[in-house]
Amino acid sequence: MNVRLVHEFRFEAAHRLPRVPQGHKCARLHGHSFKVEVAIRGPVNEETGWFIDYSHLYDAWAPLHAELDHNYLNEVPGLENPTSEVLARWIWDRLAPALPSLNRVTIFETCDARCEYEGD
């Protein structure tokens, strides 16, 4: 049996988008309460009855949270233009080594807008 497990993580951060057209509201400094869904996919171990211990997700997320939470994203290396799309790939690239079963990273900037990234 194969499953996809999804866990939500959250962080608060400020950013601005330096490459939007002049006068665009996102060019100004602003903040978000970001929600990140991390999805992993794989087989359930018949003996244990689970695919992976959620603690592996927490451990993989912890250093990213420390780097992102209550920070100015534009100052984080690799996030100089911190769109949701760029942020999703940035998170993917940092989680993938610790989570080889990574299936999707979803970034919510607002309650009703999200970006889903499934790797290249």
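The model is predicted, so local features need pLDDT of at least 70 and side-chain atom pairs count only at pLDDT 80 or more, whereas totals for chains, interfaces and linings use all residues. Residues are numbered from 1 along each chain as its sequence is written, and side-chain values use heavy atoms, with hydrogens and water left out.

Helices (H or I, at least four residues) and strands (E, at least two) are DSSP runs, numbered from the N terminus. Helix α2 spans residues 84–95, and its 12 residues reach 16 Å from the first C-alpha to the last, close to the 16 Å expected at 1.5 Å a residue; the expected span is 1.5 Å times one less than the number of residues. Within α2, Ser84, Leu87, Ala88, Trp90, Ile91, Trp92 and Leu95 are buried. Buried means under 20% relative accessible area, exposed over 50%, and partly exposed in between, with a 1.4 Å probe and protein chains only.

## The sheet

An open sheet is formed by 5 strands in the order β3-β1-β2-β4-β5, with mixed pairing. Two strands pair if DSSP finds at least two bridges between them.

Contact means heavy atoms within 4.5 Å.

Strand β4 is largely enclosed by the rest of the structure, because 8 of its 9 residues are buried. It is joined to β2 by 6 bridges, and the two run antiparallel. The antiparallel strands β4 and β5 are joined by 5 bridges and form a hairpin with 2 residues between them. Residues that stand opposite one another are listed below.

| Residue | Opposite residue |
|---|---|
| Lys35 | Phe108 in β4 |
| Ile107 | Cys115 in β5 |
| Thr110 | Ala113 in β5 |

## Phe9 in strand β1

Phe9 lies in strand β1 (residues 2–15) and is buried, with a relative accessible area of 7%. Beyond its neighbours within four places in sequence, Phe9 is in contact with Phe34, Lys35, Val36, Val38, Leu57, Tyr58 and Trp61. Phe9 and His30 are 21 residues apart in sequence and 20 Å apart in space, C-alpha to C-alpha.

## Cysteines

With a disulfide taken as a pair of cysteine sulfur atoms within 2.5 Å, the count comes to 0 disulfides. Cys111 is in no disulfide, and the nearest cysteine sulfur, that of Cys26, is 16 Å away. Cys111 counts as exposed, at 83% relative accessibility. Cys115 is likewise in no disulfide; its nearest cysteine sulfur, that of Cys26, is 14 Å away. Cys115 is buried, with a relative accessible area of 14%.
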